[in-house]
Amino acid sequence: MIFRLSQKLNQKIKAGTLEALPLHQNPFADWSCQIFAANRRQYILLCNTKSFYSCIMPGKGITTQKQFVESALNCIRDFTADDANQWAFRNFILPEFETVQFGKALNRSVTSSMNQLIEYAQDLLIEDGMSPHEVGFKLNDFLLSAIAEKKSERYGKPREAFQRMVDSRKIEIAESDLREDEKAENPTEWFVYILRCADDSLYTGITTDLNRRCEQHNAGTASRYTRSRLPVTMVYHEIQATRSLALKRELEIKAMSRKAKEALIKSVK
């Protein structure tokens, strides 16, 4: 997790020398933070660096790094929950709080956009008397040129930019799940195995999952032959690249003599 601190905020929580860090590989885990005043009170703007999705927390009483991190966690958690983004918080923000880094502002564009958000927040807090929590919802509908989705569109809203991040991650997860499903349905490795049955006879078969297949045999659901010879123990296996090669090798082993099969089993011990 990266928190990019303004100079004044860094002085307040004493985070030390700030590093120039590149954008976090997980954009949900990169937040830019500035302290500002309204009605003689201090507030801290927490702003997702990529989307400018924002929330505001009181700055009073926050004087250490630990207090800042704990307060930021609570603020982001509560705001995302009320804004129907708890899924993103739970999956992509909360896990990153295990490792926190403090850094400098990413660039002038980010700082400039945050200054615009702060000016708007000050008006809402002072003129409209809104609570910090309420102000966050207004900020996320504020038009910013830095997050326009297309060049033809001059401005974009933080809420929409954050939603695009969420949608993009959901697509990545769906595609990853699909690849895993395809891999399971079309495995690249097949195993030829030999079982030793309770009566000391040997059984040869093929599978894509050795542990599961052995459990199926011992449950009596894999083979009529082994069902009456339980329990069975896996005593040999080898890998084949395709199902066709595995079937061919299975037939070769089945055609072996008992002595040849025992020698094959001993060869791997």
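Reader: Which residues does F3 touch, not counting residues up to four places away in sequence?

Author: The model is predicted, so local features need pLDDT of at least 70 and side-chain atom pairs count only at pLDDT 80 or more, while totals for chains, interfaces and linings use all residues. Residues are numbered from 1 along each chain as its sequence is written, and side-chain values use heavy atoms, with hydrogens and water left out.

F3 is located in strand β1; strands (E, at least two residues) and helices (H or I, at least four) are DSSP runs numbered from the N terminus. Apart from residues up to four places away in sequence, F3 touches W31, C33, F68, V69, A72, F97, V100, Q101, F102 and G103, where contact means heavy atoms within 4.5 Å. F3 counts as buried because its relative accessibility is 0% (buried is under 20% relative accessible area, exposed over 50%, partly exposed in between, with a 1.4 Å probe and protein chains only).

F3 belongs to the largest nonpolar core, which has 33 residues. Such a core is a set of buried Ala, Val, Leu, Ile, Met, Phe, Trp, Tyr and Cys residues joined through side-chain atoms within 4.5 Å. The residues with the most contacts inside this core are F3, L5, I44, L46, F68 and F102. Two or more residues come from each of β1 (2-5), α1 (7-13), β2 (30-38), β3, β4, α2, α3 and α6 (158-185). The most is given by α2, with six residues.

L46, also in that group, touches W31, S32, C33, Y53, S54, C55, M57, F68, A72, C75 and I76, again leaving out residues up to four places away in sequence. A second core of 19 residues is separate and includes L45, V135, L144 and I147.

Two packed helices are described by the angle between their axes and the distance between the axes. α2 and α3 pack at an angle of about 140°, and their axes are 7 Å apart. (Axes are lines fitted to C-alpha atoms, for helices over the stretch in contact, and angles run from 0 to 180 degrees between N-to-C directions.) The two helices are therefore oblique to each other; angles under 35 degrees count as roughly parallel, over 145 as roughly antiparallel, 65 to 115 as roughly perpendicular and the rest as oblique. On the α2 side L73, I76, R77, T80 and A81 meet Q86, F89 and I93 of α3. That contact divides into five nonpolar residues, two polar and one charged (Ala, Val, Leu, Ile, Met, Phe, Trp, Tyr, Cys and Pro count as nonpolar, Asp, Glu, Lys and Arg as charged, and the others, Gly among them, as polar).

The loop between α2 and α3 (86-93) holds A84, which has a positive phi of about 60° although it is not a glycine. A84 counts as exposed because its relative accessibility is 63%. F52, in the loop between β3 (41-48) and β4 (54-58), has a positive phi of about 65° and is not a glycine either. F52, however, counts as buried because its relative accessibility is 3%.

α2 (residues 65-82) also packs against α5 (residues 132-139), at an angle of about 60° with the axes 11 Å apart. These helices, too, are therefore oblique. Their crossing is right-handed, that is, the near helix is turned clockwise from the far one by less than a right angle, anticlockwise being left-handed. D78, F79 and D82 of α2 make the contact with H133, G136 and F137 of α5. By class, two of these residues are nonpolar, two polar and two charged.

α5 has a further partner in α4 (residues 108-126), with an angle of about 135° and axes 10 Å apart, which makes α4 oblique to α5. Their crossing is right-handed. Here L117, Y120, A121, L124 and L125 of α4 meet P132, V135, K138 and L139 of α5. This contact has eight nonpolar residues, no polar and one charged. K138 is partly exposed because its relative accessible area is 39%, and, leaving aside neighbours within four places in sequence, K138 is in contact with Y120, L124 and M130.
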